[in-house]
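Please read this note with the model open beside you, and look up each residue as it is named.

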Amino acid sequence: MTDGEGDHREATDAAAADGVAATQSFYSRWAQLYDALASHTPGIGGLRARAADRLQLSTGDTVVEMGCGTGANFSYLRERVGPEGAVVGVDLTPGMLGPARARINRAGWANVHVVAGDATRPPVTDADAVFASFVSGMLGEPATVVDDWADLVGPGGRVGLLDLARSTSTLGRPVNALFAGLVFAGLPSKRPADALAAPRTLDARVVAAQRALRDRCRDVTYSTHALGFARLAAGTVK
Ligand SMILES: C[S@@+](CC[C@H](N)C(=O)[O-])C[C@H]1O[C@@H](n2cnc3c(N)ncnc32)[C@H](O)[C@@H]1O
């Protein structure tokens, strides 16, 4: 490695550490509100159920949810793997894992677990399926990460992504400005310049993540929902 490459690597690592700290601080502060929105926003349950269906899970499967947040997907995933299977949620924000653990304890699920960790370096080495919802837009290098998730499940394993991005549909486009404002409000760290850049970055990351899924998988299903703001992609690793 040259000095220049070393400097670049250090700068990139420092930026990533700043990003992690900002994410942890932001989501820990808003965890309760996030949990309410993640569970009770009209239509969200149907979307989560549909995403879980697309993973084509079987009884006894192990499914890892990357960036599981407060565990709003757990019931849908657990229902599909049954008591013989396992659901493992990974998240790097302690404040989100607290409500996730409380949800597991309330329901008495013995086969649902959460692990504190970074989805870009997953603390899990084997699974039948990997799922992530509303996470692709937070990843600096989404294509590389999705590629790693495909390696984690291996050939025959499933990968599913549920993401929000600006709508390209006739009905959704008029609402894009409002959506962009919400994207900015939801940024863990904000600079005024991000107001314009944030929705573009989100779109680009979601497209990159879902393209990587398409590249690595066969039998890919893709659909849009909620006026085109929600994009759901899933497939079986080749
Ligand atoms: C918008 S929330 C989505 C939570 C959940 N998936 C849902 O559908 O409600 C994003 C979550 O991803 C987590 N996150 C972001 N980057 C992560 C990473 N690199 N590794 C693990 N978790 C991450 C955040 O801490 C936060 O809990």
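1. A polar contact is a pair of N or O atoms within 3.5 Å; within protein, one must be able to donate a hydrogen and the other to accept it, and residues adjacent in sequence count only if both atoms are side-chain atoms. With that in mind, an oxygen atom of the ligand lies 2.6 Å from an N or O atom in the side chain of Thr 93, a nitrogen atom of the ligand is 2.7 Å from a polar backbone atom of Gly 67, and a polar side-chain atom of Arg 48 is 2.8 Å from an oxygen atom of the ligand. Taken alone, the ligand exposes 600 Å², of which the protein buries 96% (accessible areas come from the Shrake-Rupley method with a 1.4 Å probe; for residues, only the protein chains shown count as cover).

2. Please keep in mind that this is a predicted model, in which local features need pLDDT of at least 70 and side-chain atom pairs count only at pLDDT 80 or more, while totals for chains, interfaces and linings use all residues. Residues are numbered from 1 along each chain as its sequence is written, and side-chain values use heavy atoms, with hydrogens and water left out.

3. Asp 118 sits in the loop between strand S3 (112-116) and strand S4 (129-133), and its side chain reaches the backbone nitrogen of Thr 120 at 2.8 Å. Leaving aside neighbours within four places in sequence, Asp 118 is in contact (heavy atoms within 4.5 Å) with Val 90, Leu 92 and Pro 123. Asp 118 and Val 20 are 98 residues apart in sequence, yet 9.1 Å apart in space, C-alpha to C-alpha.

4. The axes of helix H3 (residues 44-54) and helix H4 (residues 74-81) come within 9 Å and cross at roughly 35°; axes are lines fitted to C-alpha atoms, for helices over the stretch in contact, and angles run from 0 to 180 degrees between N-to-C directions. The contact is made by Gly 45, Arg 48, Ala 49, Ala 52 and Asp 53 of H3 and by Tyr 76, Leu 77 and Arg 80 of H4.

Notes. Helix = DSSP H or I, 4+ residues; strand = E, 2+ residues; numbered from the N terminus.
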